[in-house]
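Visitor: Could you walk me through the pockets of this model and the helices around them, taking one question at a time?

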Amino acid sequence: QKIQDEATHSILKMIIEAGVPAPDDELEAEQLKVQVEFIKQGLHALAEWRTQHSEISRELVIDAVSKLIWHGLAKS
């Protein structure tokens, strides 16, 4: 659990450094933590899925997921 918590914290730090506004209050902080956890778990699932779909390029997967994450976070 400690490793997972550290990964969540690292992703949170990375997206804030990339320009996602830091939360203004406790509710926004909790919402962002949930969003980051969703992203982290989704990336784990996608990595597993991709082992069965190697015909799809790594670059396409990265581009598709990056667009989804950044567009979604920009609107939240």
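Visitor: Which residues line the second largest pocket, and which elements give two or more residues to that lining?

Guide: In this predicted model, the second largest pocket is lined by Gln35, Phe38, Ile39, Gly42, Leu43, Leu46, Val65, Leu68, Ile69, Gly72 and Leu73. The elements that contribute two or more residues to this lining are H2 and H3.

Visitor: Which element gives the most to the lining of the second largest pocket?

Guide: The pocket in question has a volume of about 250 Å³, and its lining is made up, by class, of 8 nonpolar and 3 polar residues, with no charged residues. With 6 residues, the element that gives the most to this lining is H2.

Visitor: What is the volume of the largest pocket, and which residues lie closest to its centre?

Guide: The space in the largest pocket comes to about 350 Å³. Out of the 15 residues that form its lining, the closest to the centre are Leu43, Ile62, Val65, Ser66 and Ile69.

Visitor: Which element supplies the largest share of the lining of the largest pocket?

Guide: Three helices each supply at least two residues of this lining, namely H1 (2-17), H2 (26-50) and H3 (58-75). Sorted by class, the lining residues are 12 nonpolar, 1 polar and 2 charged. The largest share, 7 residues, comes from H3.

Visitor: How are H1 and H2 oriented to each other, roughly parallel or roughly perpendicular?

Guide: The axes of H1 and H2 come within 9 Å of each other and cross at roughly 110°, and the crossing is right-handed. Since angles from 65 to 115 degrees count as roughly perpendicular, H1 and H2 are therefore roughly perpendicular.

Visitor: How many helices and strands does the protein have, and in what order do its elements run?

Guide: The C-alpha trace of the protein spans about 45 × 30 × 15 Å along its principal axes. Its secondary structure consists of 3 helices and 0 strands, and from the N terminus on the order of the elements is α-α-α.

Visitor: Which element has the lowest mean pLDDT, and which the highest?

Guide: For the protein, the mean pLDDT is 91, and 97% of its residues reach 70 or more. Taken element by element, the highest mean pLDDT, 93, belongs to H2, while the lowest, 87, belongs to H3.

Note on methods. Residues are numbered from 1 along each chain as its sequence is written. This is a predicted model: local features need pLDDT of at least 70, side-chain atom pairs count only at pLDDT 80 or more; totals for chains, interfaces and linings use all residues. Side-chain values use heavy atoms; hydrogens and water are left out. On a 1 Å grid over the protein atoms alone, a cavity is a set of points where a 1.4 Å probe fits but cannot get out, and a pocket is an open set with protein on both sides within 12 Å along at least five of seven lines; lining residues have an atom within 4 Å of a point. Grid points are joined across faces, edges and corners, and a volume is the space filled by probe spheres set on the points. Helices (H or I, at least four residues) and strands (E, at least two) are DSSP runs, numbered from the N terminus. Ala, Val, Leu, Ile, Met, Phe, Trp, Tyr, Cys and Pro count as nonpolar, Asp, Glu, Lys and Arg as charged, and the others, Gly among them, as polar. pLDDT is the predictor's confidence in each residue, from 0 to 100. Axes are lines fitted to C-alpha atoms, for helices over the stretch in contact, and angles run from 0 to 180 degrees between N-to-C directions. Angles under 35 degrees count as roughly parallel, over 145 as roughly antiparallel, 65 to 115 as roughly perpendicular and the rest as oblique. A crossing is left-handed if the near helix is turned anticlockwise from the far one by less than a right angle, and right-handed if clockwise.
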